[in-house]
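Reader: Could you walk me through this model, starting with how its helices sit?

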Amino acid sequence: MKVYDVTEVAEILKVTERTVRKMLNEGELQGKKVARSWRVTENQLKRYLEGKSMLDTLAKAFCQDLREDLREEFKKEVNEGLKKYGYDPVNWD
């Protein structure tokens, strides 16, 4: 079983180490503290990434059901809400 430290997770997710620590402290990303250092297993990282993928899929599906004139406003509101809470915006492509 592969285990990553904060630096490795940050490189994989293309975010800062501070962001990874925040995600771990807030429970957005699962991990285990060993002594004073966080560790994340490969399975925990996969579950996080699969969850993000599911969010994108659900948002896109919901958006398709909206009237055309509401779609852009919905996309904007969703991405602003995600950014507010430290999440990556949905990739609408």
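Author: Helices α1 and α2 are roughly perpendicular to each other, a label for angles of 65 to 115 degrees. This is a predicted model, where local features need pLDDT of at least 70, side-chain atom pairs count only at pLDDT 80 or more, and totals for chains, interfaces and linings use all residues. Residues are numbered from 1 along each chain as its sequence is written, and side-chain values use heavy atoms, with hydrogens and water left out.

Reader: Which residues of α1 and α2 make the contact?

Author: Contact means heavy atoms within 4.5 Å. On the α2 side there are E17, V20, R21, M23 and L24. The α1 side brings V6, T7, V9, A10 and L13.

Reader: How do the residues of that contact divide into nonpolar, polar and charged?

Author: Ala, Val, Leu, Ile, Met, Phe, Trp, Tyr, Cys and Pro count as nonpolar, Asp, Glu, Lys and Arg as charged, and the others, Gly among them, as polar. By that scheme the α1 and α2 contact has seven nonpolar, one polar and two charged.

Reader: Is the aromatic pair of F62 and F74 stacked, edge-to-face or tilted?

Author: Rings of Phe, Tyr and Trp (its six-membered ring) pair if their centres lie within 6.5 Å; planes under 30 degrees apart count as stacked, over 60 as edge-to-face and the rest as tilted. The centres of the F62 and F74 rings are 5.1 Å apart and their planes are at 45°, so the pair is tilted.

Reader: How many residues apart in sequence are the parts this pair ties together?

Author: F62 lies in helix α3, while F74 lies in helix α4 (residues 68-84). Helices here are DSSP runs (H or I, at least four residues), numbered from the N terminus. The pair therefore ties together parts whose separation in sequence is 12 residues.

Technical notes
Parallel < 35°, antiparallel > 145°, perpendicular 65-115°, else oblique. Helix = DSSP H or I, 4+ residues; strand = E, 2+ residues; numbered from the N terminus.
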